[in-house]
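Hello,

Here is the structure I promised to pass on to you. Please open it alongside this note, and then read on for what turned up in it.

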Number of protein chains: 2
Amino acid sequence: MTEPAPVYASGVDHERLTAQLRFILEVDKLKRILRRNLLVDGSRRENDAEHSWHLALTARVFAEYAPAGTDIDRVVELLLIHDIVEIDAGDTFVYDAHASRSQRERECVAADRIYALLPEEQGARLRELWEEFEAAKTPEARFAKAVDRLSPMLANWHTDGGTWVQYGVSKEQVMEKVRIIAEGSEALGSYAAALIEDADRRGYFAG
Amino acid sequence: MTEPAPVYASGVDHERLTAQLRFILEVDKLKRILRRNLLVDGSRRENDAEHSWHLALTARVFAEYAPAGTDIDRVVELLLIHDIVEIDAGDTFVYDAHASRSQRERECVAADRIYALLPEEQGARLRELWEEFEAAKTPEARFAKAVDRLSPMLANWHTDGGTWVQYGVSKEQVMEKVRIIAEGSEALGSYAAALIEDADRRGYFAG
């Protein structure tokens, strides 16, 4: 990739702005990382960038279902950056047990490279946010995870079973994801459980 | 589109949650609204959803270039919703003077329909945010507009002139957008001006 054009603004640290631009241009690649699930209309597979937008907006709309005191602005920030490592590590299908074993290592190498494009303290801060999302210990990270797990369920339910049918996913495998949703939001967990019961009646699960 | 599955969670207002789900599923369509500009690697046109994600993240990374006191969380919120009306109204190319004349009317009709999917007070709040973005009177809306105008310039500069060359855009037309960027951020305005001078030397503009 060619470098951004030189900057002549007074009062601006050019080296710093150039580093930030390099990161912004690099993360454009997230638009080319395809996920397994389809758009809600079934027309094509979803990419990570548009997925991240949809989750951030969903978190805002569903803010009232987060535990009291959850900082939704922080949830949005977590969701905006949560998939950036997939530029290098690729999307790992949540029901692919083999790929999931090497996922953490591949994603850490990716985080090392991509966040280092930014000025040091800024890169460290965004990387910490990503680690917070991964660890799922804070209410913000748990709610972000809940929204992230609910979203493909909605898409699958609206596309005649979607990836559940395509990859022969069992109800038990999906119920494990419902548990993650319930950890982040009681209301969304209940909704997801009802959705999965309905999907089961429709015969979308294997086994 | 089929309706979301029924909900059985206790303590949740089912009608309210169903309205929110309908909105969330509806805005999935933003992933199919194509803009004129290409991705940074030139591989295809960008869609509104991934564009909104990129802007929200860019606003975070460039937060220090917003005027002191600007609420970046609010900027992010404005950027997440700023293009939703294009689901009905379509993308209006910023250099298409004819389409720009009817744009406001088309977008208001779209906002009336789409935000009305949400529970009333929530829909009214998001619509007000969109109006705030459009009016460009607050520092948050001006900074959001600055990021929105800068982003396609970066893509064009990195794709040998991109839509500037494709649609025969003049330097004077682009300088009008640089003015909007400068209104939201002095530093980003200076950077954009330098970028356009460089693009001019490379012969990317018509006339």
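A cavity, on a 1 Å grid over the protein atoms alone, is a set of points where a 1.4 Å probe fits but cannot get out, and its lining residues have an atom within 4 Å of a point. Grid points are joined across faces, edges and corners, and a volume is the space filled by probe spheres set on the points. By this rule there are three cavities of 30 Å³ or more.

Before the details, a word on conventions. This is a predicted model, in which local features need pLDDT of at least 70 and side-chain atom pairs count only at pLDDT 80 or more, while totals for chains, interfaces and linings use all residues. Residues are numbered from 1 along each chain as its sequence is written, chains are lettered from A and ligands numbered from 1 in the order in which they are written, and side-chain values use heavy atoms, with hydrogens and water left out.

The largest cavity has a volume of about 130 Å³. Its lining is made up of 19 residues, and His54(A), Ser151(A), Pro152(A), Leu154(A) and Ala155(A) lie nearest its centre. Two or more lining residues come from each of strand 1 (34-38), helix 2 (48-61) and helix 7 (139-157) of chain A, and also from helix 1 (14-26) of chain B. (Helices, H or I with at least four residues, and strands, E with at least two, are DSSP runs numbered from the N terminus.) Helix 7 of chain A gives the most, with six residues.

The second largest cavity holds about 90 Å³ of space. It is lined by 14 residues, of which Asp28(A), Val40(B), His54(B), Ser151(B) and Ala155(B) are closest to its centre. Here helix 7 of chain B has the largest share of the lining, four residues.

The annotated domain

UniProt, in an unreviewed entry, places the feature "domain: HD/PDEase" at residues 44-162 of chain A; such annotations may be inferred rather than shown by experiment. Over that stretch, residues 44-162, chain A is 70% helix and 3% strand.

Where the chains meet

Lys31(A), Trp53(A) and Tyr191(A) supply 14% of the area that chain A buries against chain B, more than any other three residues.

Eight salt bridges cross this interface, a salt bridge being a side-chain nitrogen of Lys or Arg within 4 Å of a carboxyl oxygen of Asp or Glu. One links Glu46(A) with Lys31(B) at 2.7 Å, N to O. Glu46(B) forms a salt bridge with Lys31(A), with the closest N and O atoms 2.7 Å apart. Glu46(B) lies in strand 2 (residues 45-47) of chain B and Lys31(A) in the loop between helix 1 and strand 1 of chain A, so this pair joins two chains.

Best wishes

Conventions: 1 Å grid on protein atoms, 1.4 Å probe; cavity = no way out; pocket = protein on both sides within 12 Å on 5 of 7 lines; lining within 4 Å. Buried area = accessible area lost by both parts, 1.4 Å probe.
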